[in-house]
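These are my notebook entries on one structure. I set down what I looked up, entry by entry.

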Amino acid sequence: MTVVLDLLNNDPRPKRRPDVPRHPEKANRPDTPILGKPAWIRVKAPGSAEWVETKRIVRENKLVTVCEEAGCPNIGECWSKKHATFMIMGDTCTRACAFCNVRTGLPGPLDVDEPVKVAEAVTKLGLEHVVVTSVDRDDLADGGAAHFAATIAAIRAASPGTTIEILTPDFLRKAGALETVVAAKPDVLNHNLETVPSKYLTVRPGARYFHSIRLLQRVKELDGEIFTKSGIMVGLGESRNEVLQLMDDLRSADVDFLTMGQYLQPTRKHHAVVSFVPPDEFDAYEKVAYTKGFLMVSAAPLTRSSHHAGEDFRRLRERLRQQAASRVGARSRPHDASGHLRG
């Protein structure tokens with residue numbers, strides 16, 4: 001079974017008022033039942049020496065991680081490898097998605113020293129690949145794009161050998177924000193669709209499906225060397241055909257990498273799990289996604305956007321290299337008079 005721990009106890013960061021709920025917009029919603037989890041959803045509980053050291057470095061630098069804030073089931077595995085996903089721009093999101101466990105409300109001011117703190121933590125952890133995400137900051141004129149760019153620059157300066165993956169919000173109605181982030185040249189730009197378009201009104205009401213598709217497409221138009229990535233959750237009531245159409249929409253935007261994982265309900269106030277998708281269905285989705293042209297696909301019940309991100313990035317680069325070599329080889333082979341390859 002999945003083990004969910006309260007990892008925010010003994011947190012030295014300033015506390016929010018105890019009388020303010022974590023999700024005020026959900027406080028008056030009726031409870032939804034939390035289904036018992038199937039046998040195939042199992043994770044290792046955290047507690048190794050490496051996990052403790054990762055936690056110490058995160059606390060020492062007063063950083064926020066999505067691993068803790070979102071209650072990620074893979075934290076024991078990832079932190080034991082000293083892999084942490086940093087969440088910049090605070091711990092409070094201006095959106096109120098029905099699936100997300102990150103605190104919602106009015107965020108505080110940006111910490112101008114945060115980019116340097118993140119870079120220092122990357123160096124202390126010795127990360128070869130780092131994932132940086134953020135809360136939605138609809139209150140900021142640029143949605144936090146300049147803060148992303150500053151964080152990328154700080155990591156490059158402190159740890160030039162580290163590859164950088166960012167998981168961004170949609171920067172809805174923030175002109176020029178995406179261009180600012182792309183100009184900072186992350187190695188991977190990830191923006192999650194989260195679910196199929198028919199579920200947006202109930203699951204991701206503050207976002208727009210085709211805006212997110214267009215954002216991913218625009219990344220490739222601005223800089224074709226940046227890998228693009230997107231992820232979805234299943235088990236929210238979507239149909240198989242809707243998932244397959246979503247894959248086609250992502251490929252029409254030249255997205256390189258797709259992740260798919262099982263939605264797990266954080267509390268009784270969050271969107272209910274409609275179904276638990278068995279591993280063989282994830283395998284089938286993965287096979288279909290590869291036939292549609294994705295360079296990389298990661299589909300399993302416990303897959304999350306940043307799970308195994310470093311290993312996946314290395315595989316992604318290798319597949320691109322093989323693809324390029326194959327194209328060069330095809331061009332060098334002799335053709336017959338009709339233009340078809342011979343041999």
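Entry 1. Which residues of β5 point one way from the strand, and which the other way? I find Thr163, Glu165 and Leu167 on one side and Ile164 and Ile166 on the other, and all are buried. I take buried as under 20% relative accessible area, exposed as over 50% and partly exposed as in between, with a 1.4 Å probe and protein chains only. Strand β5 covers residues 163–167, and five of its five residues are buried.

Entry 2. I recorded the basis of the values. The model is predicted, so I note that local features need pLDDT of at least 70 and side-chain atom pairs count only at pLDDT 80 or more, while totals for chains, interfaces and linings use all residues. Residues are numbered from 1 along each chain as its sequence is written, and side-chain values use heavy atoms, with hydrogens and water left out.

Entry 3. I looked up the chain as a whole. I list 11 helices and nine strands in the protein chain; these are DSSP runs numbered from the N terminus, helices being H or I of at least four residues and strands E of at least two. Of its 343 residues, 49% count as buried. Among contacts (heavy atoms within 4.5 Å) with a separation of 6 or more, 76% are between residues 24 or more positions apart.

Entry 4. I traced the sheet. Seven strands form an open sheet with parallel pairing, in the order β1-β4-β5-β6-β7-β8-β9; two strands pair if DSSP finds at least two bridges between them. β1 (85–88) and β9 (296–299) stand at the edges with a single partner strand each, so one side of each has no neighbour in the sheet. From one strand to the next, the twist averages 20°. For angles, I use axes that are lines fitted to C-alpha atoms, for helices over the stretch in contact, and values run from 0 to 180 degrees between N-to-C directions.

Entry 5. I followed the neighbours of β5. Strand β4 (residues 129–134) pairs with β5 in the parallel sense over five bridges, and His129 has Thr163 as its bridge partner in β5. From β4 the chain crosses through helix α5 (residues 145–158) to β5, and this β-α-β crossover is right-handed. I call a crossover right-handed if, with the strands pointing away from the viewer, the path from the first strand over the helix to the second runs clockwise. On to β6 (residues 188–190), β5 pairs in the parallel sense over three bridges, with Val188 in β6 as the bridge partner of Glu165. β5, helix α6 (residues 177–183) and β6 also make a right-handed β-α-β unit. Three bridges then join β6 to strand β7 (residues 227–234), running parallel, and Asn190 has Lys229 as its bridge partner in β7.

Entry 6. I examined a helix pair. The axes of α9 and α10 (residues 279–291) come within 10 Å and cross at roughly 35°. Arg240, Val243, Leu244 and Met247 in α9 meet Tyr285, Val288 and Ala289 in α10.

Entry 7. Where does Asp254 lie? I place Asp254 in the loop between α9 (240–252) and β8 (257–262). Asp254 counts as partly exposed because its relative accessibility is 42%. Not counting residues up to four places away in sequence, Asp254 touches Lys220 and Thr228. Glu221 is 33 residues from Asp254 in sequence and 9.7 Å from Asp254 in space, C-alpha to C-alpha.
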